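I opened this structure to look up how its parts lie against one another, and I kept my notes in the order in which I worked.

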Amino acid sequence: MPIVRALLNLRSLHWKIILLVSTACAAMALTVGVLVHESTLRRSMHEGAVRAVEQLDRAQQDARRTGRPEPLADPAELPDALLRQVERHGQGTYYEDGPPAPVYWAAERKNGQLHALRTDMTADLLTRQALDRHLWKYSLVTLAVVIPATALATELPARRLRRVARTARRITAGDLQARTGMGRRGGDEITEIAATVDAMADSLRDRLAGEQRFTADVAHELRTPLMGLVTSAGLLPEGEATDLVRDRVRVLRDLVEDLLEISRLDAGAERVEPRRVPLAELVEESVARTGLPATVTSTGAPVAETDPRRLDRIVTNLVVNAHRHGATPVEVGVSGLTITVRDHGPGFPPDLLAHGPQRFRTGTEQRGRGHGLGLTIAEGQAKVIGARLGFRNHPDDGGAVAQVRLPPGGQRPLSNDR
């Protein structure tokens, strides 16, 4: 469920965009709400003051016209702030926020008498409170609409980015045929990134194909003169110099044969010829043909359906690699359909454990010298017969451990056809 895991990744760009948009909407709603609240409050206070003064004037006029008592007030009943305004300016207004109810006072000193009147502001207060509730409610409704809409809008580019990332991971794993499939047009940055990844894969594939063709051509060109050199070396008179020449010719011949084998593996020209073989006996014979000391132990009498020639090549390369780059004793174990080759040297280098064997690279100097082709060939042949070849270091003494796991009995080995 990679899509679900991507959606649940709260650190992804998808969620960061949603958080950014949500924060922006919330900040905007809060700003608008505060501005509207303050503006409405100021207008309400202004209108309340005007209305209080008008009612006081109207009450004074009615008193003069009708002879009713004027709206006189006791200073002890008025707010201190209002009294100070009257003393300073002769008149004043003051808002008093209850209880029992919010009122707006208007006062005026005329003819030595203090006139005052208060106006009920309950309706204005309820109106402002209703407005605040509506602002909060519709802000939340807006967020409830904007957040899912943002999630849906950002899912498509996020999905395209995940597709580019998956393609890049496949290319990193060695699948140079992987492509994003987004084309080279679209005008946005994601399409540009996808086109760049596809172009990178094309370039890597072409370069690798060129290197493989070069390796195969060089190996084939060297093979004919090398056979003549092997024959000529066999005709030389016996002596120390002759032995040295024959040894170097043999090394050169093995290298050319390894290069040819790698070129066939790269080209997918290898074919599997499976048959049922006693696994322990096959491993013992393979170890014996190396001429190198190794202890072979087996559990039971497993029978495997595999290509014995290719399995022999794998076991031989692993044993030779253990002696060349590790240290004795070398132990070979057969348990079920698993073959384990272990040495007691410095172990595999971290780069090999992380990325697998690479041709013409042997890792650290402690692992010895060589061309790095033995493990590369063993890994290629393992893929041909459908086996899994793993590398690790022993947890106790750090010796290198290579393990070959064959397919279960009765299962057809994998082919390298393309």
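**Two helices**

I noted that α8 and α10 are roughly antiparallel to each other, because their angle is about 155° and angles over 145 degrees count as roughly antiparallel. The model I am reading is a predicted one. I found helix α8 at residues 308-325 and helix α10 at residues 373-384, with their axes 9 Å apart, and I recorded that α8 passes α10 in a left-handed crossing.

Next I looked up which residues bring the two helices together: on the α8 side they include Arg310, Ile314 and Leu318, and on the α10 side Leu375, Ile377 and Ala378 are among them.

I then turned to the open sheet, where 3 strands follow the order β1-β2-β3 with antiparallel pairing. Strands of a sheet pair through backbone hydrogen bonds. I asked myself which strands stand at the edges. They are β1 (91-97) and β3 (113-120), and each has a single partner strand, so one side of each is left without a neighbour in the sheet. Ignoring direction, I noted that neighbouring strands are turned by 20° against each other on average.

Looking at one pair in detail, I saw that β2 (residues 102-110) joins β3 over 8 bridges in the antiparallel sense, and that glutamate 108 has histidine 115 in β3 as its bridge partner. Last, I followed helix α3 (residues 80-89), which packs on the sheet and touches β1, β2 and β3, while its direction makes about 170° with that of β1.

Definitions and conventions: Residues are numbered from 1 along each chain as its sequence is written. This is a predicted model: local features need pLDDT of at least 70, side-chain atom pairs count only at pLDDT 80 or more; totals for chains, interfaces and linings use all residues. Side-chain values use heavy atoms; hydrogens and water are left out. Axes are lines fitted to C-alpha atoms, for helices over the stretch in contact, and angles run from 0 to 180 degrees between N-to-C directions. Helices (H or I, at least four residues) and strands (E, at least two) are DSSP runs, numbered from the N terminus. Angles under 35 degrees count as roughly parallel, over 145 as roughly antiparallel, 65 to 115 as roughly perpendicular and the rest as oblique. A crossing is left-handed if the near helix is turned anticlockwise from the far one by less than a right angle, and right-handed if clockwise. Contact means heavy atoms within 4.5 Å. Two strands pair if DSSP finds at least two bridges between them.
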